[in-house]
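Student: Could you take one part of this model and go through it closely with me? I'd like to hear what it is packed against and how it sits in the rest of the chain.

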Amino acid sequence: MGWLSERLSSSIGKKIIMALTGLLLILFLIIHLLNNLLLYVGPEMFNENVARLEAIKPLVRVIEIALALLFALHIFNALKLWYENKKANPNKYAVDASSENSTVFSRSMVITGVTIGIFLVIHLATFWRTFNFGAHPTDGRHPFYAIIQDAFANPFIALFYFIVMIVLGFHLKHAFQSAFQTMGWRHPKYTPIVEKIGTAIAIIMAVGFASIPIFFYISSLGGK
Ligand code: HEM
């Protein structure tokens, strides 16, 4: 046990935890986007899906606890690695900026990660809390769909979501291929494909999620 905890708290151990939790979080994001894209199919379909999830609430709660653990492990290890790197090499930035292997995406991982972390707290305190414990609109519209409709009718909320979703795309652009590299899953033939898949995931996530606040904000203008 002592051996395992020593391994996991080593630098490479932390990186492996980040890679594995990161890949699982990407899987969550893909499912989350698919669920949210039902908004485009229409209020009935979106509400039906929420009702389906309500029917298996205990399982959803277990998944949410697992998700919270994944996020906590991912963020905690990221900040610890960042702090240790900074302590070991205070002038790292200058080195990184000139390094051929470093890209704007890899250099901005901490700042994009922190932005997504702050977003997540706000997101859960608003959407998740209202969905699960808040007052739902009672004006005859589909209640869950209406919560999202009303939130994104506010231009500040819509713009905030839009910007953070682009930041999310930047984070994912580096994240996916970096996880493969950390795990040692490198191969001359497959690594370029992994990089392409990473880029595709980043673009699909950013465009897919960012389109939702824009769609609802523009729709709200027509309703005025
Ligand atoms: C336009 C973008 C997004 C919309 C409209 C949206 C919508 C929602 C809604 C409605 C819920 C509550 C679902 C429920 O409890 O049944 C939720 C939960 C959640 N969202 Fe999002 N979300 C967006 C982006 C994101 C992003 C980018 C992340 C992660 C970085 C994220 C992470 C979560 C988490 C962890 C939960 C709680 C788990 C869950 O209930 O599924 N969301 N989101």
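Tutor: Let's take α10: its buried residues are Gly198, Ala202, Met205, Ala206, Phe209, Ile212, Pro213 and Phe216. Buried here means 20 or more other C-beta atoms within 10 Å of the residue's own, exposed means 12 or fewer, and partly exposed is in between, with C-beta atoms placed from the backbone. This is a predicted model, so local features need pLDDT of at least 70 and side-chain atom pairs count only at pLDDT 80 or more, while totals for chains, interfaces and linings use all residues. Residues are numbered from 1 along each chain as its sequence is written.

That spacing is worth a thought. An α-helix has 3.6 residues a turn, so residues three or four places apart point the same way. As for what lies over the buried residues of α10, the cover includes α2, α8 and α9. Helices in this naming are DSSP runs (H or I, at least four residues; strands are E, at least two), numbered from the N terminus.

Now the geometry. At 1.5 Å a residue, the 32 residues of α10 should span 46 Å, and its end C-alpha atoms are 47 Å apart, which agrees. The expected span is 1.5 Å times one less than the number of residues. There is still a kink of about 25° at Ser211, shortly before the proline Pro213; the bend is the angle between axes fitted to the seven residues ending there and the seven starting there.

Not counting residues up to four places away in sequence, Phe209 touches Leu33, Met165 and Leu168, where contact means C-beta atoms, placed from the backbone, within 7 Å. Phe209 is also in the largest nonpolar core, which has 27 residues; those with the most contacts inside it are Ile148, Met165, Leu168, Leu172, Met205, Ala206 and Phe209. At least two residues of this core come from each of α2, α8 (143-152), α9 and α10, and α9 has the largest share with 9. A core is a set of buried Ala, Val, Leu, Ile, Met, Phe, Trp, Tyr and Cys residues joined through C-beta atoms within 7 Å.

For context, the chain has 10 helices and 0 strands, and 18% of its 224 residues count as buried. Its C-alpha atoms fill a box of roughly 60 × 40 × 35 Å along the principal axes. Lys87 is in α4, and Lys87 counts as exposed because it has 8 C-beta neighbours inside 10 Å.

Note on methods:
Two residues are in contact if their C-beta atoms, placed from the backbone, lie within 7 Å.
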